[in-house]
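Work through the exercises below with the sequence and the model side by side. Try each task before reading its solution.

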Amino acid sequence: MEPLSRKNQYISVVILGVCFLLMFTAFNSLQNMISSIYEQMGFGTLGLISVFCIYGTFGVGTFFSAYVIERMSYRKLMFLCSLGYFLFNMTGVYVSECEGHLTGICSEGLVYVVVIIFALLTGVCASFIWVHFWIFRLLKRLMWAKLQHQQPKDNFLDYFGDWWWPHKS
């Protein structure tokens, strides 16, 4: 496989950045809306518990995600992890459909279990996506150094991109 041209590298990075922007903007907005729906429907702190589960699992999952990323292709992993976000968002639809009748499939205990399970899954998916994103950025930087005929050690601080450029002299 031939390396991408400069123009294609820029295009792929911009597309990836815009996709992350749209995904996380939409997710954070929907997450806040779902939390307020849970509160309005009488589930109290279920929204806060789900957010805690997402970010708690995200924090722990970050330590193990590199192991999984090494064994899966980047495309499959991004697709599967986006499904995790989708399923969590669908729990908001599930709970809103239970309004007025909290028996059977809509019992309060089952609602809590379903929301928490999908929140935990979303946290794992978030850790895979974010670690994957940084690995992807590092690989792009290494490819860039190779295209510029530089040794990685000569270009090491450039791998950190956004945080390094203000300190360059």
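The exercises go from the overall fold to single residues.

The model is predicted: local features need pLDDT of at least 70, side-chain atom pairs count only at pLDDT 80 or more, and totals for chains, interfaces and linings use all residues. Residues are numbered from 1 along each chain as its sequence is written, and side-chain values use heavy atoms, with hydrogens and water left out.

**Exercise 1. The fold**

Task: State how many helices and strands the protein chain has, and give their order.

Solution. 
- Step 1. Helices (H or I, at least four residues) and strands (E, at least two) are DSSP runs, numbered from the N terminus.
- Step 2. The protein chain has 4 helices and 0 strands.
- Step 3. Along the sequence the pattern is α-α-α-α.
- Step 4. Now take contacts, meaning heavy atoms within 4.5 Å. Among those between residues at least 6 apart in sequence, 75% join residues at least 24 apart.

**Exercise 2. Burial and surface**

Task: Find what share of the 169 residues is buried, and what share of the accessible surface belongs to carbon and sulfur atoms.

Solution. 
- Step 1. Buried means under 20% relative accessible area, exposed over 50%, and partly exposed in between (1.4 Å probe, protein chains only).
- Step 2. Buried residues make up 30% of the 169 residues.
- Step 3. Areas come from the Shrake-Rupley method with a 1.4 Å probe; for residues, only the protein chains shown count as cover.
- Step 4. The accessible surface is about 11,000 Å², and 70% of that belongs to carbon and sulfur atoms.

**Exercise 3. The largest core**

Solution. 
- Step 1. A nonpolar core is a set of buried Ala, Val, Leu, Ile, Met, Phe, Trp, Tyr and Cys residues joined through side-chain atoms within 4.5 Å.
- Step 2. The largest core has 17 residues, and C81, Y85 and I129 touch the most other members.
- Step 3. α1 (6-40), α2 (46-71), α3 (74-97) and α4 (108-147) each give two or more residues to this core.
- Step 4. α4 gives the most, with 6 residues.
- Step 5. Another core lies apart from it, with 8 residues, among them I34, F43, V95 and V115.

**Exercise 4. Around I129 and F24**

Task: List the contacts of I129 and of F24, leaving aside residues up to four places away in sequence.

Solution. 
- Step 1. I129 is in contact with F20, M23, F24, M78, C81, S82 and Y85.
- Step 2. F24 sits in α1. F24 counts as buried because its relative accessibility is 14%.
- Step 3. F24 touches Y85, I129 and W130.
- Step 4. F24 and Y85 are 61 residues apart in sequence, and their C-alpha atoms are 9.8 Å apart.

**Exercise 5. Two sides of α3**

Solution. 
- Step 1. The buried residues of α3 are L77, C81, G84, Y85, F88, N89, T91, G92 and V95.
- Step 2. Patches are made of residues with over 30% relative accessible area and no salt bridge; like charges are joined within 9 Å, nonpolar side chains (Val, Leu, Ile, Met, Phe, Trp, Tyr) within 5 Å. A salt bridge is a side-chain nitrogen of Lys or Arg within 4 Å of a carboxyl oxygen of Asp or Glu.
- Step 3. The patch consists of F79, L80, L83, F86, L87, M90, V93 and L121, with about 670 Å² of accessible area together.
- Step 4. α3 gives the most to the patch, with 7 residues.
- Step 5. Take L80, in α3. L80 counts as partly exposed because its relative accessibility is 43%.
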